[in-house]
Amino acid sequence: FEEVDVVRKGGNYGWNVYEGRECFNARRPGHPRLECPTESPRGRPLRQPVVTYTHDVRTDDGVQKRNFAVIGGYVYDSTAVPALDGEYVFGDYGGRLFVATPGGDQWPMRELQIAGTDTGRPPGQVFGFARDAAGELLVFLVGERGGIYRLVSAEDAESTV
């Protein structure tokens, strides 16, 4: 599992008791523990991630996708893509972009579809995120079509050469 946590000073995120929100057995990986503690031996609560996802994903059309490692992003607060306002945009090194809606203990998440590609996915592996001088979100990709890409709305992408 991959996970996104809201980090708080002094927080205990449960490694090696949890893998995402799943109980983890460090002595026998692949064989979950029967019971998982909810606090540390010192009585501090174990904090759960706000987003989790698996490495292997089977889609409705039977296609297998592979996730590798979460790549942290930003809460979008700029103007080029109004539909993303207030959403947490992040990625996976396997070449997928995601959007999660902050709020509560678990943030709903969905895959961000990229217009103009055959797969709806970025044309490379997600390596990192940054903001430009105007505060717009940049995505760093590696691979054959690697580079620095700016997120824009689908309408703006169609008018860009």
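With a relative accessibility of 40%, Arg110 counts as partly exposed, on a scale where buried means under 20% relative accessible area, exposed over 50% and partly exposed in between (1.4 Å probe, protein chains only). This is a predicted model, in which local features need pLDDT of at least 70 and side-chain atom pairs count only at pLDDT 80 or more, while totals for chains, interfaces and linings use all residues. Residues are numbered from 1 along each chain as its sequence is written, and side-chain values use heavy atoms, with hydrogens and water left out.

**Confidence**

- The protein averages a pLDDT of 87, and 95% of its residues score at least 70, where pLDDT is the predictor's confidence in each residue, from 0 to 100.
- Confidence is highest in strand 8, at 96, and lowest in helix 1 (residues 154–159), at a mean of 58; helices (H or I, at least four residues) and strands (E, at least two) are DSSP runs numbered from the N terminus.
- Where pLDDT is low, predicted coordinates should not be read in detail.

**Salt bridges**

- The structure has 4 salt bridges, each being a side-chain nitrogen of Lys or Arg within 4 Å of a carboxyl oxygen of Asp or Glu.
- One of them joins the side chains of Arg110 and Glu87, at 3.8 Å from N to O, and this pair links distant parts of the chain, 23 residues apart, with Arg110 in strand 10 (residues 109–111) and Glu87 in the loop between strand 7 (70–75) and strand 8 (88–92).
- Arg96 and Glu111 form another salt bridge, in which the closest N and O atoms are 2.7 Å apart; Arg96 belongs to strand 9 (residues 96–100) and Glu111 to strand 10, so the pair ties together parts that are 15 residues apart in sequence.
- Arg96 is buried, with a relative accessible area of 6%, and Glu111 is likewise buried, at 18%.
- Arg150 pairs with Asp132 in a salt bridge whose closest N and O atoms are 2.9 Å apart; since Arg150 is in strand 13 (residues 147–150) and Asp132 in the loop between strand 11 (125–131) and strand 12 (137–142), the pair ties together parts that are 18 residues apart in sequence.
- Arg150 is partly exposed, with a relative accessible area of 49%.

**Aromatic rings**

- There are 6 aromatic pairs, counted when ring centres of Phe, Tyr and Trp (its six-membered ring) lie within 6.5 Å, with planes under 30 degrees apart called stacked, over 60 edge-to-face and the rest tilted.
- Tyr88 and Phe90 make a stacked pair, at 5.2 Å centre to centre with 20° between the planes, and both residues are buried.
- Tyr88 also pairs edge-to-face with Trp107, at 6.1 Å centre to centre and 70° between the planes; Tyr88 lies in strand 8 and Trp107 in the loop between strand 9 and strand 10, so this pair ties together parts that are 19 residues apart in sequence.
- Tyr53, Tyr88, Phe90, Phe98 and Trp107 form one aromatic cluster.

**Glu136**

- Glu136 is found in the loop between strand 11 and strand 12, and although buried it has no salt bridge, the nearest side chain of opposite charge being Arg150, 6.4 Å away (Lys and Arg count as positive, Asp and Glu as negative, and His and the chain ends are not counted).
- The side chain of Glu136 makes polar contacts with the side chains of Tyr76, at 2.5 Å, and Ser78, at 2.6 Å; such a contact is a pair of N or O atoms within 3.5 Å, and within protein one must be able to donate a hydrogen and the other to accept it, with residues adjacent in sequence counting only if both atoms are side-chain atoms.
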